[in-house]
Amino acid sequence: MKRSPLLALSALTALLLSSCAAPSEDTAAGGEEGEALSVMTSFYPLQYVTERVGGEQVRVESMTPPGAEPHDLELSPAAVDRVRTADAVVYLSGFQPAVDDAVAQAAPEHALDAAHAGIEGEAAHSAEEHAAAEEEHGAEAHEASGAEEGHAEEGGADDGHGHGAQDPHFWLDPQRLAAVAVEVAHELGEADPDNAALYERNAEELTGELEALDQEFASGLETCERRTVVVAHEAYGYLTDKYDLEQVSVAGLEPDTEPSPARLAEIGKVVEEEGVTTVFAESEVDTGVAETLAAEHGVETAVLDPVETQTDESADYQQVMRANLEALRAALGC
């Protein structure tokens, strides 16, 4: 019996339509699993951690564009709305007032303040602790410390960004950033319970890498001819305290603060008396003062990156930190 061509065509059309309209069980499951969690982060180190912990299950956006100065961040109404609609937010309170305001205004259901693990997880890195630690390094370094405190007083105890006397740059201690990775995994797991175990595994892997990085710094800086680090911006307290170095800064916590002539004279004295060979500047901050100071005392300049922002998309947090380690080793004679 011959089948009608029209009937055969109708059957074929129905088959095609049914195959398009009814995806297989595997396809349907893949679509659900492929739906990424949207996460807003405030600046690069937290973006890096969240991307590593979340993996392919998250879509991460940083409120601070690459290369931008995090301290000066302003957010548009559209950016604030993205904070409101995000599945999770990871930020550092007290570092960027615009972000603090956006989080308060948007009130996201899942918001992780990295200060809890990064800064408050151990004793807060305060100006008082910093001054106490410096007493162990001799009269000249202590005198420079006093000059630093006086320099901070010139600009006020609060730097205008909510830091007060507390250094926010905890991520320059890899172990503290590892502690934040664990907290990020917990927060993502609460927002996305189906993938909680995956986030925990990713955090464990990242923590192991950051612990290894910490060991590289500890061994690489253990025996150095010099231990005084002259920097343009007082951002390296966590790093120098962790590895028994001495930070002497041209400016305070605020990177664009102009140092007084008296402050420059004090730093020059430290350079001469401590045998400092290098004044460290930053890639995203005007290097004029550091270069002038170095030229006056016949020493070199080099870059020590505070890793506040990602200036080179081909280099991630760990790569930049290892470049910092090599710069420190060269300057300190390690």
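**Notebook: a cavity, a disulfide and some salt bridges**

I began with the lining of the second largest cavity, which by class has four nonpolar, three polar and one charged residues. For the classes I counted Ala, Val, Leu, Ile, Met, Phe, Trp, Tyr, Cys and Pro as nonpolar, Asp, Glu, Lys and Arg as charged, and the others, Gly among them, as polar.

Ground rules before going on. This is a predicted model, where local features need pLDDT of at least 70 and side-chain atom pairs count only at pLDDT 80 or more, while totals for chains, interfaces and linings use all residues. Residues are numbered from 1 along each chain as its sequence is written, and side-chain values use heavy atoms, with hydrogens and water left out.

**Cavity**

I found two cavities of 30 Å³ or more in the structure. A cavity here is a set of points, on a 1 Å grid over the protein atoms alone, where a 1.4 Å probe fits but cannot get out; lining residues have an atom within 4 Å of a point. Volume is the space filled by probe spheres set on the points, which are joined across faces, edges and corners. I listed its lining as R226, T228, V276, T277, T278, F280, A331 and L332. Which elements give two or more residues to that lining? They are β7 (278-281) and α14. I took helices (H or I, at least four residues) and strands (E, at least two) as DSSP runs, numbered from the N terminus.

**Disulfide**

Next I looked for disulfides (cysteine sulfur atoms within 2.5 Å) and got one. C224 pairs with C334, the sulfur atoms being 1.9 Å apart. The link between C224 and C334 is right-handed, with 100 degrees about the S-S bond. What does the pair tie together? C224 sits in the loop between α10 (196-220) and β5 (228-231), and C334 in the segment after α14 (317-332), so parts 110 residues apart in sequence are tied together.

For burial I used relative accessible area: buried is under 20%, exposed over 50%, partly exposed in between (1.4 Å probe, protein chains only). C224 is buried at 15%, whereas C334 is partly exposed at 27%.

**Salt bridges**

I noted eight salt bridges, each a side-chain nitrogen of Lys or Arg within 4 Å of a carboxyl oxygen of Asp or Glu.

- E216 bridges to R322, with the closest N and O atoms 2.8 Å apart. E216 lies in helix α10 and R322 in helix α14, so the pair ties together parts 106 residues apart in sequence. E216 is partly exposed at 30%, and R322 is partly exposed at 30%.
- D173 bridges to K242, the closest N and O atoms being 3.1 Å apart. D173 is in the loop between α8 (139-154) and α9 (174-191) and K242 in helix α11 (residues 237-242), so this pair links parts 69 residues apart in sequence. Buried or exposed, I asked of D173? D173 is buried, at 3%, while K242 is partly exposed at 31%. A network of salt bridges links D173, R176, D214 and K242.
- R84 meets D81 at 2.6 Å, N to O. Both R84 and D81 lie in helix α4 (residues 77-85), three residues apart, about one turn of the helix. D81 is partly exposed at 35%.

**T207**

Last, I checked T207, which is in helix α10 and buried at 18%. Its contacts (heavy atoms within 4.5 Å), leaving aside neighbours within four places in sequence, are A178, A181 and V182.

Technical notes
1 Å grid on protein atoms, 1.4 Å probe; cavity = no way out; pocket = protein on both sides within 12 Å on 5 of 7 lines; lining within 4 Å.
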